[in-house]
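Dear colleague,

Please find below the structure that I am handing over to you. A summary of the findings follows it.

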Amino acid sequence: MAAPVTPKDRRKFLGRLSLPERNFVADALRAETVGGVLLLVAAIVALIWANTLGGSYADVRGFHVGIEALGLDLSLQHWAADGLLAIFFFVAGIELKRELVAGELRDPKAAALPVIAAICGMAVPALVYALVNTVGGGAMNGWAVPTATDIAFALAVLAVIGTSLPSALRAFLLTLAVVDDLFAILIIAVFFTKEIDFAALGGSVVGLAVFWLLLRKGVRGWYVYVPLALVIWGLMYNSGVHATIAGVAMGLMLRCSRREGEEHSPGEHIEHLVRPLSAGLAVPLFALMSAGVGVSGGALADVFTRPETLGVVLGLVVGKAVGIFGGTWCAARFTRAELNDDLAWPDVFAVAALAGIGFTVSLLIGELAFDGEGALADEIKAAVLMGSLIAAVCATVLLKLRVRRYQALVEEEERDEDQDGIPDMYEQDNPAYHLRMAAIYDEKAAEHRRLAQLAGAGSDEGGRPA
């Protein structure tokens with residue numbers, strides 16, 4: 001007979017984060033939010049540009065630049081998708097490495113929930129797409145398009161609508177997106193690699209080995225690593241494997257655990273330097289080069305009538321929400337995890353709906369899945385935009401219904417009555433904190449006694465003013 005599960009044995013799902021993890025999440029989300037707003041602006045500019053001066057937009061993103069002898073004579077659109085997004089995936093690789101060694105994924109039991117949620121949040125949209133296209137007789141090669149979550153765009157929506165989410169929910173969204181990025185990278189590597197040049201791939205692997213060896217030897221200097229990274233990226237691109245794989249591979253090699261005397265690990269330091277370049281330049285430029293599609297009435301109508309595009313929309317809006325929420329609920333139901341008492345399952349569903357914003361990686365997979373099919377490729381992009389917009393609206397409504405509760409939780413998280421820079425909830429086991437608070441309350445009590453004496457001196461014995 002199994003031993004009963006005691007309250008001590010249970011873990012709180014979406015419970016309070018540790019202070020270092022909370023500070024890391026806050027910094028990461030702040031940078032991603034700024035980048036997300038830039039991403040949103042870039043997407044709007046691309047749409048306006050493509051629908052007003054479509055000829056010039058096509059000419060700009062089709063303009064070729066590079067060194068043909070090295071196999072790198074690419075259009076600006078391909079430089080954005082294969083080059084700039086390698087920076088984005090480099091940061092994603094560092095985030096994943098950090099989560100594995102110091103974050104939410106370091107504990108297998110704690111990692112189970114976001115990993116299961118991410119897997120279900122990718123599997124269900126793919127099934128929705130497959131079902132729609134099986135019934136409608138559409139092309140099945142777009143099954144992976146609705147599987148991705150765009151963390152920057154999701155956080156941009158949060159910034160625009162002004163919703164304050166508790167740190168645990170925000171951390172869940174971030175961890176979910178990091179795991180989602182990992183599986184998206186695997187999908188790109190496995191399913192969208194057509195022909196492989198083994199010589200170039202071997203050269204890239206040798207470059208990665210040198211990169212790893214230099215890191216282990218403690219060699220420093222951007223002038224060593226940046227040229228080497230460019231060589232690795234170029235070889236990976238010419239191998240036929242998507243070049244963004246080189247970015248995530250190098251990110252995973254960085255050390256993200258702190259040693260004695262270190263304020264930040266090398267991975268955290270490099271991420272701090274590169275993240276603004278990724279969020280503020282690389283991803284917005286990719287959006288500018290990829291999001292420009294026609295949005296005429298006929299094109300929007302086709303999104304809801306063609307099986308390929310309808311499958312993408314339903315995958316993002318329905319598949320993501322149902323998959324993430326269902327996976328999370330099942331994992332919590334059949335493990336020892338319990339939902340945080342301050343939150344409710346509708347909060348998890350709202351975040352699951354928000355994860356249906358699949359922009360950057362969905363656009364990238366759409367380009368790979370429908371390469372050479374110009375009209376259908378643009379319709380798939382329109383479907384990604386439409387699905388992301390609908391998911392954002394649904395999530396906004398759901399989050400707004402609980403905004404007062406969120407604000408109260410955030411105020412409680414931020415309260416710092418002793419003004420020592422550490423939120424009070426993290427100092428409940430610190431005797432010095434309680435002594436400081438006792439001194440603060442003694443001062444307040446003394447002030448109120450003084451005010452009472454002054455008030456009494458101005459009144460007669462019956463309590464009436466003199």
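The notes below concern confidence and pockets.

This is a predicted model, in which local features need pLDDT of at least 70, side-chain atom pairs count only at pLDDT 80 or more, and totals for chains, interfaces and linings use all residues. Residues are numbered from 1 along each chain as its sequence is written, and side-chain values use heavy atoms, without hydrogens and water.

The protein chain has a mean pLDDT (the predictor's confidence in each residue, from 0 to 100) of 82, and 85% of its residues reach 70 or more. Over residues 1-9 the pLDDT is below 50, and this stretch has four contacts (heavy atoms within 4.5 Å) beyond near neighbours in sequence. Where pLDDT is low, the predicted coordinates should not be read in detail.

A pocket here is an open set of points on a 1 Å grid over the protein atoms alone, where a 1.4 Å probe fits, with protein on both sides within 12 Å along at least five of seven lines; lining residues have an atom within 4 Å of a point. Volume is the space filled by probe spheres set on the points, which are joined across faces, edges and corners.

The largest pocket has a volume of about 1,200 Å³. Of its 34 lining residues, Phe90, Phe211, Tyr225, Leu254 and Ile270 are the closest to its centre.

The second largest pocket has a volume of about 650 Å³. Its lining comprises 27 residues, and those closest to its centre are His78, Asp82, Glu367, Leu368 and Asp371.

Yours sincerely
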